[in-house]
Amino acid sequence: MVDARGYSCPTPVVMVQKAIKEQNPATLEVAVDNQCSVENVKRFAQNAGYQVKVSDFEGDFKLVLTK
């Protein structure tokens with residue numbers, strides 16, 4: 001789980017990139033709190049070969065990245 005709430009881009013993308021590089025997970029959950037981060041993390045994850053599902057919980061977003 002990467003909790004990137006409270007951070008603005010590019011920090012959430014860097015956090016996800018680090019988690020993928022270190023752990024190479026089949027599934028990774030990411031929490032962010034702004035639409036810009038959703039789009040940037042989603043784009044990065046898709047380019048890294050992950051499928052992305054986004055859920056919105058009243059302004060907090062949960063992204064589930066799956067290989």
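Three salt bridges are counted, a salt bridge being a side-chain nitrogen of Lys or Arg within 4 Å of a carboxyl oxygen of Asp or Glu. The structure is a predicted model, in which local features need pLDDT of at least 70 and side-chain atom pairs count only at pLDDT 80 or more, while totals for chains, interfaces and linings use all residues. Residues are numbered from 1 along each chain as its sequence is written, and side-chain values use heavy atoms, with hydrogens and water left out.

Two of the pairs involve R5. In one, R5 is joined to D3, and the closest N and O atoms lie 2.7 Å apart. In another, D60 forms a salt bridge with R5, with the closest N and O atoms 3.7 Å apart. This second pair connects distant parts of the chain, since D60 belongs to strand β4 (residues 60-66) and R5 to the loop between β1 (2-3) and α1 (11-23), 55 residues apart. Helices (H or I, at least four residues) and strands (E, at least two) are here DSSP runs, numbered from the N terminus. Together, D3, R5 and D60 are linked in a network of salt bridges.

The accessibility of these residues was classified by relative accessible area: buried means under 20%, exposed over 50%, and partly exposed in between (1.4 Å probe, protein chains only). R5 counts as partly exposed because its relative accessibility is 40%. D3 falls in the partly exposed class at 36%, and D60 is partly exposed at 32%.

A further salt bridge is formed by E29 and K62, whose closest N and O atoms are 3.8 Å apart. This pair also links distant parts of the chain: E29 lies in strand β2 (residues 27-32) and K62 in strand β4, 33 residues apart. E29 is partly exposed, with a relative accessible area of 33%, and K62 is partly exposed, with a value of 29%.

Attention now turns to helix α2. Helix α2 (residues 35-47) contains 13 residues and extends 18 Å from its first C-alpha to its last, close to the 18 Å expected at 1.5 Å a residue; the expected span is 1.5 Å times one less than the number of residues in the helix. The buried residues of α2 are S37, V38, N40, V41 and A45. An α-helix has 3.6 residues a turn, so residues three or four places apart point the same way. The elements covering the buried residues of α2 include α1, β2, β3 (51-57) and β4, where contact means heavy atoms within 4.5 Å. After α2 comes G49, whose phi is positive, near 95 degrees.

Within helix α2 lies S37, which counts as buried because its relative accessibility is 0%. Apart from its neighbours within four places in sequence, S37 is in contact with Y7, C9, P12, V32 and K42.

One of these contacts, C9, is located in the loop between β1 and α1. C9 is partly exposed, with a relative accessible area of 26%. When residues up to four places away in sequence are not counted, C9 touches C36, S37 and N40. C9 and C36 are 27 residues apart along the chain, and their C-alpha atoms are separated by 7.3 Å.
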